[in-house]
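This briefing covers contacts within and between two chains.

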Amino acid sequence: MISDLFTVTVLIGILASGIRLSTPYLFAAIGETFGQKSGVLNLGVEGQMLLGAFAAFYVALTTGNLWLGLFTAMIVGALMGLAMAYVTVNLHAEQGISGIGFYLFGLGMSDLLFQKLMGTVETVKGFPEIYIPGLSDIPGIGKIFFSQNILVYIAYLLVPIAWFVLNKTTLGLKIRSVGENPDAADSLGVSVSRIRYFTIILGGTLSGIAGASLSIALLNVFQQNMTSGLGFIAVALVYFGAWRPIGVLGGALLFSLINSLQLWVQVLSIPIPSDIAVMMPYVVTILVLVATVSKVRAPSALTKPFERGD
Amino acid sequence: MQQKLGSLFDALLPVIATLAALAVGAVMLLFLKVNPVEAYAALWDGAFGSSNAFAETLVKATPLLLVGIGICISFRGDVINIGGEGQMIIGAVLATWVGLNFTGLPGWLTITLSMMAGFLGGAIWGGIPGVLKAYFSVNEILSTVMMNAIAVQLMNFLLRGPMIDPAQAEMASQIPQTARLEEIFRLPRLAPTRLHLGALIAVIFAVLVYILLWRTTLGYRIRAVGQNPHASRYAGIKVQRYMVLALLLSGAFAGLAGATQVFGVNYRMITDGSSSGFTGSAGFNGIVAALFGGLHPILTIPASILFGALLVGANKMQRVVQVPSALITALNGLVVVFVVSSEIIRKRRQRRREAVAKRDDETPPPAVEAGNKKIQQAEVGS
């Protein structure tokens with residue numbers, strides 16, 4: 001029954017899993033924010049996540065070391081980012097389309113490696129929930145905020161760090177200037193390509209972690225196409241959050257809370273068709289995009305390759 | 001002569017890009033301890049080895065071509081449509097509904113109505129992001145991705161619920177699929193192969209889209225908006241309207257692609273719960289085919305056949321040398337990356353040509369100058 005949703009236990013469950021579910025979105029979307037702030041749209045996030053998820057899972061499965069798995073996912077993501085950077089910065093390739101290329105590559109490659117190296121779906125013991133003496137025991141709050149796995153905390157820590165770097169450091173100023181007016185930045189001696197390489201590789205690394213957070217922290221399995229559109233949502237959240245880390249956080253939370261709500265709706269077998277329930281986060285995201293996006297302007301140089309004028 | 005060779009080289013760039021992708025694929029095959037020659041031979045054999053194989057290739061190419069010509073329209077209008085998957089699904093849903101319910105009509109009429117319903121369904125699913133982009137500045141890449149996700153859930157809901165095959169509803173298995181279309185409501189096949197009328201329909205529409213884009217005012221305006229929205233606005237073109245139209249038409253052809261899959265291939269709508277379970281990822285691969293065809297509807301025909309061949313051949317390759325067909329998805333991705341990256345070569349060559357032409361303009365050879373003077377004198381004299 002609908003009223004079952006409004007018991008304390010269920011509400012705590014919804015909030016706790018909502019926060020947990022937001023981790024992959026946060027990692028990927030914060031990374032994408034850096035890229036877009038510097039003027040590069042990376043649509044290949046989904047592919048980077050899939051390869052990252054596989055790399056983390058496979059290494060964790062074979063070595064039993066979760067941190068090594070996470071590290072491998074970062075390397076794989078960074079390499080994908082490097083390739084993306086070369087193609088978009090040096091070769092001036094259309095960003096949206098090359099992103100789709102990288103997506104297809106990651107989709108096929110992770111599936112291929114999965115079938116060749118593993119063949120069957122297996123599970124690992126992922127990052128455990130951290131028990132913080134005292135805090136974890138607080139009724140309600142403890143379950144929601146202080147009983148999560150380590151990656152959840154890192155993801156949330158990343159939000160203020162990203163805000164600080166983008167708004168309070170010279171590096172952030174350079175990133176923003178390269179995204180707004182690359183010609184001016186260039187004439188002041190900022191290397192446009194170096195900054196963009198940095199942000200795209202950083203974005204790839206974070207997408208790799210996002211994938212790992214799915215395969216060795218959240219779900220603890222790897223399956224072909226396990227992200228099923230999550231990476232594209234992460235890109236949408238950057239627009240949603242108007243290129244601000246705090247806005248991205250808001251979007252990721254909203255999206256995952258609705259997602260968590262619909263999962264509980266299914267668990268409690270409330271008579272709403274599950275397919276319709278799964279649809280809700282997407283519908284809400286579109287509606288919020290309609291309501292907000294038109295008021296905020298994208299970085300001026302977004303998707304525009306930079307070339308020094310003669 | 002040199003110029004002719006140059007433009008031939010430009011035209012061959014996608015082919016070179018594909019060969020490069022296949023070369024990378026060969027390296028990957030070596031890592032998988034598979035003989036690349038053997039693997040690619042199996043791929044070729046699976047795609048072109050017999051008339052039946054070739055027919056299968058054309059069957060796979062059909063949805064790619066229909067999605068692809070839609071992509072030609074939207075990308076020419078500078079609107080990125082990534083919603084082919086969802087548009088195929090909604091088109092197929094509407095078409096199937098017509099095919100299963102308008103059973104009192106003559107076969108050809110129901111088929112025609114169904115194809116139109118598919119067109120309409122795709123148009124609606126493409127038109128919504130079009131309106132959102134034109135009037136609410138919602139980025140179309142995002143909205144089309146969201147619309148894909150919504151379409152998948154809608155399909156799952158309908159195929160498990162209101163539209164489920166009555167036989168499945170009785171059984172415990174509950175496979176998400178509709179009832180089978182009656183025989184007279186199916187697209188005719190070229191027996192004994194599975195090649196169906198949809199392939200011909202797709203080719204005809206490719207020609208029509210070419211005419212639309214380059215021989216009509218509508219097409220001219222879509223392209224003008226794509227090349228320079230500001231100038232188009234000054235020229236009095238209602239930019240927003242043509243943005244919507246570009247996405248709407250693009251979606252419509254994807255919808256038609258979905259309809260032909262139901263009426264020509266499976267004779268029912270069926271899925272495994274994912275979007276590619278119904279579309280076979282044609283909504284994405286159609287983009288690849290269109291790009292490969294240089295966003296030209298006619299050139300998209302051979303491009304679709306090429307990618308259809310890769311998809312069909314991949315299955316054979318999987319059987320013969322046990323390489324998962326996912327390899328082909330990865331290679332498709334590389335082809336896209338290589339093709340868009342090779343654009344820079346074409347652009348640089350073009351710029352060099354223009355620079356040369358400009359230099360020639362600035363200092364005309366003496367003979368030409370003398371000729372000009374004569375003409376001027378003649379004009380003054382008359």
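Beyond its neighbours within four places in sequence, Ala56(A) is in contact with Gly69(A), Leu70(A), Thr72(A), Ala73(A), Gly211(A), Ala212(A), Ser215(A) and Ile216(A). The model is predicted.

**Nonpolar core**
- Ala56(A) is also among the residues with the most contacts inside the largest nonpolar core, which has 215 residues.

**Interface of chains A and B**
- Contacts between the chains involve 40 residues of chain A and 38 residues of chain B.
- On the side of chain A that touches chain B, helices H4 (95-118), H10 (230-240) and H12 (274-292) of chain A each supply at least two residues.
- H4(A) gives the most to that side, with 16 residues.
- By class, the residues on that side of chain A are 27 nonpolar, 9 polar and 4 charged.

**Helix pair H13(B) and H14(B)**
- Helices H13 (residues 282-292) and H14 (residues 297-321) of chain B pack with their axes 8 Å apart, at an angle of about 130 degrees; H13(B) is therefore oblique to H14(B).
- Their crossing is right-handed.
- From H13(B), Asn285(B), Val288(B), Ala289(B), Ala290(B) and Phe292(B) meet Thr300(B), Ala303(B), Ser304(B) and Phe307(B) of H14(B).
- This contact of H13(B) with H14(B) has 6 nonpolar and 3 polar residues, and no charged ones.

Technical notes
Residues numbered from 1 in each chain as written. Chains lettered and ligands numbered in written order. Predicted model: local features only at pLDDT ≥ 70, side-chain atom pairs only at ≥ 80, totals over all residues. Axes fitted to C-alpha atoms, helices over the stretch in contact; angles between N-to-C directions. Helix = DSSP H or I, 4+ residues; strand = E, 2+ residues; numbered from the N terminus. Parallel < 35°, antiparallel > 145°, perpendicular 65-115°, else oblique. Left-handed = near helix turned anticlockwise from the far one by under 90°. Contact = placed C-beta atoms within 7 Å. Nonpolar A, V, L, I, M, F, W, Y, C, P; charged D, E, K, R; others polar. Core = buried A, V, L, I, M, F, W, Y, C linked by C-beta atoms within 7 Å. Buried ≥ 20, exposed ≤ 12 C-beta atoms within 10 Å, placed from the backbone.
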